[in-house]
Amino acid sequence: MVKYFCCADLLKGTWDQVCTAFWQRYPNPYSNHVLTEDIIFREVTPSNCLISRRLLTKTSRAPRWMERYLPKKMSSLAYIIEDSIVDPQKRTMTTLTWNITHARLMSVEEWCEYGINPENGSWTQIKREAWISSNVFGLSRAIQEFGLARFKTSVTKTMKGFDYVLAKMQGETPSRTLAATATERARETALAAKEKAKGLASHAQKKQYV
């Protein structure tokens, strides 16, 4: 049994800009889990298509119940192969990625096609499909559900990362980073807790003298 996922996304950048951003999107504030990216193979075909294969190293923390099935010191790392074909004549870029670590535990394959949005030639559309599978007897469904949920979260971060890099390329001020947002929320939470503590202390003091 395989979990299947598909979606369509839109980037407010030209196809050329998105292709350029694709090779420059690491690092960005939404991809702190990407540790390294290495080009294994690259070639320009007679038809001027650019074919590339890269190895990506990412942190990938598994849930505690899954760590018992992983080798020690390996449960937090994932190695990903990324194949891509850029076709300047058709104005498409196609990518296929899959994990090579822990593939028997959980395999995630993703196919994407980047093309010009037919409704707005200045924008780029992304067609995305993914397949999540597991061969662990008795746990395959739970692992697939976990993988699907994590994949959806990853897609959201990927799109935010693209928007961030495109904004920088276009000379705009990128939207606030996750760190900045998290810091502000932490401050707001701390301030609210402080005010609540003051209110409780004041109420207790009044009650003492009643």
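Q: Is Gln144 buried or exposed in this predicted model?
A: Let's start with the scale: buried means under 20% relative accessible area, exposed over 50%, and partly exposed in between, using a 1.4 Å probe and protein chains only. Gln144 has a relative accessible area of 1%, so the word for Gln144 is buried.

Q: Which helix holds Gln144?
A: Helices (H or I, at least four residues) and strands (E, at least two) are DSSP runs, numbered from the N terminus. Residues are numbered from 1 along each chain as its sequence is written, and this is a predicted model in which local features need pLDDT of at least 70. Side-chain atom pairs count only at pLDDT 80 or more, totals for chains, interfaces and linings use all residues, and side-chain values use heavy atoms, leaving out hydrogens and water. Gln144 is found in the helix spanning residues 140–169, which is H3.

Q: Which residues does Gln144 touch, not counting residues up to four places away in sequence?
A: Contact means heavy atoms within 4.5 Å. With that rule, the residues touched by Gln144 are Met1, Val2, Lys3, Ile132, Ser133 and Ser134.

Q: Which are the edge strands of the open sheet of seven strands?
A: Two strands pair if DSSP finds at least two bridges between them. The sheet has the order E1-E7-E6-E5-E4-E3-E2, with antiparallel pairing. Each edge strand pairs on one side only, and these are E1 (2–11) and E2 (34–44).

Q: At about what angle does H3 run to E1?
A: Axes are lines fitted to C-alpha atoms, for helices over the stretch in contact, and angles run from 0 to 180 degrees between N-to-C directions. H3 lies across E1, E6 and E7, and its angle to E1 is about 15 degrees.
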